[in-house]
Amino acid sequence: MECRVLSVQSHVVRGYVGNKSATFPLQVLGFEVDSINSVQFSNHTGYAHWKGQVLTAEELNVLYEGIKLNKVNHYDYILTGYSRDTSFLEMVVDIIQELKKANPSLVYVCDPVMGDQGAMYVPENLLPVYRDKVVHLADILTPNQFEAELLTGRKISTESDAFEVMDLLHKMGPETVVLTSTDLPSKCGDQFLVALGSQKTVKPDGTNSSQKICMDIPKVDAVFVGTGDLFAAMLLAWTHHHPKDLKAACEKTVSVMHHVIQRTITYANEMAGPGKRPSPAQLELRMVQSKADIENPAIVVEARVLQKS
């Protein structure tokens, strides 16, 4: 069966972020991707200069109306990432509600991009829209620790705190929650980052099943842009292939990330030369060069199953 994704994210002419980060990997894995570009910039905003245009809520609606008039508004998945405007985000909510009515089995994958390391990098008035409207519609949610804390109003200091927060998020809507990065200490040492996942599904007999997993991900000493967008896209793809096995889906997702990042840092360091820090342009993800790893990732990060019922 053909699987079609509507992806509403940013677009850059040069480099990989938003839709540029998500579309190619999803297509490589066999998905049809319809992209709506929430912004069109020359490059990501980590460069010294950037120029471009921002799509308004009205313009988003015009594009959706065109799709609807042609009766080609049937989707299996919706993927959303960075948004910095409440009216735009609320229009996205309206579109998702309409598409879910048309196809009740539609899966919405939401990366609630709001901030990191205790600081918000979107306007604060986006939080209530995410918390009260967006998360309720989401089936798969990929916040970092800070975003999960914002959405629930709870702090995470321990692993049990993290799973309590994920349970609160489950109650708000999504059956799959992955904390893509946390500040929790890793059992493997300080060169590793802890990511956690929780999935609650309803079995055919009506009983609930749940799986909680933990991953220790090797840290890389560089700032990459577009990795969160790639993570959400890969989690969409691999949960599609492993719908009831969060462990397998996360292992493949994180392993793809590892291969792409390793290829990128190796290239960037070569380009920068000995002792020099690579530039934003040199650190653009080596996406096309990683095609084989995206299609069939060698598993380099194993997920520990902490609970299965």
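Visitor: Which residue stands opposite S198 in β11?
Guide: This is a predicted model, in which residues are numbered from 1 along each chain as its sequence is written. Local features need pLDDT of at least 70 and side-chain atom pairs pLDDT 80 or more, while totals for chains, interfaces and linings use all residues, and side-chain values rest on heavy atoms without hydrogens or water. β10 and β11 pair in the antiparallel sense over 11 bridges, where strands pair if DSSP finds at least two bridges between them. Within β11, the residue opposite S198 is K212.

Visitor: What positive phi does G206 have in the turn between β10 and β11?
Guide: These two strands, β10 (192-202) and β11 (residues 208-218), form a hairpin with five residues between them. G206 lies in that turn, and its phi is positive, at about 95°.

Visitor: Which residue of β10 stands opposite V178?
Guide: β10 also pairs with β9, again in the antiparallel sense, and this pairing runs over four bridges. The residue of β10 that stands opposite V178 is G197.

Visitor: Which residue of β12 is the bridge partner of I213?
Guide: β11 and β12 run antiparallel and are joined by five bridges. In β12, the partner of I213 is V305.

Visitor: Which are the edge strands of the open sheet?
Guide: The sheet has 10 strands with mixed pairing, in the order β3-β2-β1-β4-β5-β8-β9-β10-β11-β12. An edge strand here pairs on one side only, which is the case for β3 (52-54) and β12 (303-308).

Visitor: At what angle to β10 does helix α6 run?
Guide: Helix α6 (residues 159-172) lies across β8, β9, β10, β11 and β12. Angles run from 0 to 180 degrees between N-to-C directions, with axes fitted to C-alpha atoms, for helices over the stretch in contact. Relative to β10, α6 runs at about 40°.

Visitor: How far apart are the axes of α7 and α8?
Guide: Helix α7 (residues 227-241) packs against helix α8 (residues 246-272) at an angle of about 145°. The contact (heavy atoms within 4.5 Å) includes F231, M234 and W238 of α7, together with V256, M257 and V260, among others, of α8. The two axes are separated by 8 Å.

Visitor: How many helices and strands does the chain have?
Guide: Helices (H or I, at least four residues) and strands (E, at least two) are DSSP runs, numbered from the N terminus. Counted in this way, the chain has nine helices and 12 strands.

Visitor: What box do the C-alpha atoms of the chain fill?
Guide: The box is taken along the principal axes, and it takes in the C-alpha atoms of the chain. Its dimensions are roughly 55 × 50 × 40 Å.
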